[in-house]
Amino acid sequence: MNRRTFMITTALATLGAGLMPSAVTSFLVTPAQAEDMPDTSDIFELTLGDKDAPVEMIEYASYTCPHCATFHKTVFEPLKKEYIDTGKVRFVYREVYFDKFGLWASMVARCGGEMRYFGVQKMLYDEQSDWIAGGRDTMQIVENLRKIGKRAGLTEENLDVCLNDGDMAEKLYAKFTAEMEEYDIDATPSLVIDGEKHSNMSYADLKKILDAKLAE
């Protein structure tokens with residue numbers, strides 16, 4: 001079994017081969033099942049901005065979601081410049097795995113650690129249609145993700161370790177499951193602003209909500 005076959009087998013065993021983007025609810029587990037989930041306390045939280053910012057915004061998104069890619073190009077970039085970088089909003093990014101490709105993309109993004117994560121994230125969203133390549137050729141998608149990782153400064157050895165880490169895949173799945181349940185997330189991108197869930201929206205609409213929160 002070569003390294004690529006092993007990586008694919010590991011991820012398929014974790015998520016299952018038949019998961020589709022519409023099957024969000026099939027990812028959720030019962031309280032009894034949750035007891036068997038692995039400990040995820042060592043997985044770093046994906047955050048940007050001042051931890052003491054007056055407003056907290058959580059985004060739930062998937063790397064294989066076209067609406068999420070659009071959100072990051074048209075909403076996240078001005079949000080970061082105007083609210084996150086200025087200390088007004090603490091931003092938390094939570095990964096959603098609708099399919100095995102989204103999981104693999106997250107594992108590549110996390111492979112470089114916290115310092116590199118959001119740089120790789122931008123590449124994954126900016127080039128989403130290119131690396132997914134229609135979603136039909138699994139081996140090509142794997143190679144495309146590896147190329148993104150290498151452009152971000154990761155080595156072949158780094159990527160082999162990260163993409164073959166079955167324990168990490170299970171932990172990411174468990175973390176994702178718990179986080180989806182916390183706010184009853186059923187679509188991406190979804191936003192949680194100071195504990196209140198919102199659906200996808202334009203930057204103008206988001207700005208109104210944030211400005212109102214900041215004025216309180």
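Ile-58 has Val-92 in strand 3 as its bridge partner. Strands here are DSSP runs of E, at least two residues long, and helices are runs of H or I of at least four; both are numbered from the N terminus. This is a predicted model, in which local features need pLDDT of at least 70, side-chain atom pairs count only at pLDDT 80 or more, and totals for chains, interfaces and linings use all residues. Residues are numbered from 1 along each chain as its sequence is written, and side-chain values use heavy atoms, without hydrogens or water.

## The sheet

Strand 2 (residues 55-61) and strand 3 (residues 89-95) run parallel, joined by seven bridges. Two strands count as paired if DSSP finds at least two bridges between them. The sheet is open and has five strands, in the order 1-3-2-4-5. Its pairing is mixed. Strand 1 (46-48) and strand 5 (196-198) each have a single partner strand, so one side of each lacks a neighbour in the sheet. From one strand to the next, the twist averages 20 degrees.

Helix 5 (residues 114-126) lies across strand 1, strand 2 and strand 3. Helix 5 runs at about 60 degrees to strand 3. Such angles run from 0 to 180 degrees between N-to-C directions, with axes fitted to C-alpha atoms, for helices over the stretch in contact. Contact means heavy atoms within 4.5 Å.

## Ser-190

Ser-190 lies in strand 4 (residues 190-193). Ser-190 is buried, at a relative accessible area of 5%. Buried means under 20%, exposed over 50%, and partly exposed in between, using a 1.4 Å probe and protein chains only.

Which residues does Ser-190 contact, leaving aside its neighbours within four places in sequence? They are Ile-58, Glu-59, Tyr-60, Ile-185 and His-198. A polar atom of the Ser-190 side chain also lies 2.6 Å from the backbone oxygen of Ala-187.

## The cysteines

The structure holds one disulfide. The cut-off is a pair of cysteine sulfur atoms within 2.5 Å. Cys-111 and Cys-162 form the link, with their sulfur atoms 2.1 Å apart. The link of Cys-111 and Cys-162 is right-handed, with 80 degrees about the S-S bond. Cys-111 belongs to helix 4 (residues 100-111) and Cys-162 to helix 8 (residues 156-163), so the pair ties together parts 51 residues apart in sequence.

Cys-111 and Cys-162 are both buried. Cys-65 is buried too, with a relative accessible area of 6%. For Cys-68, also buried, the value is 0%.

Definitions and conventions:
A polar contact is a pair of N or O atoms within 3.5 Å; within protein, one must be able to donate a hydrogen and the other to accept it, and residues adjacent in sequence count only if both atoms are side-chain atoms.
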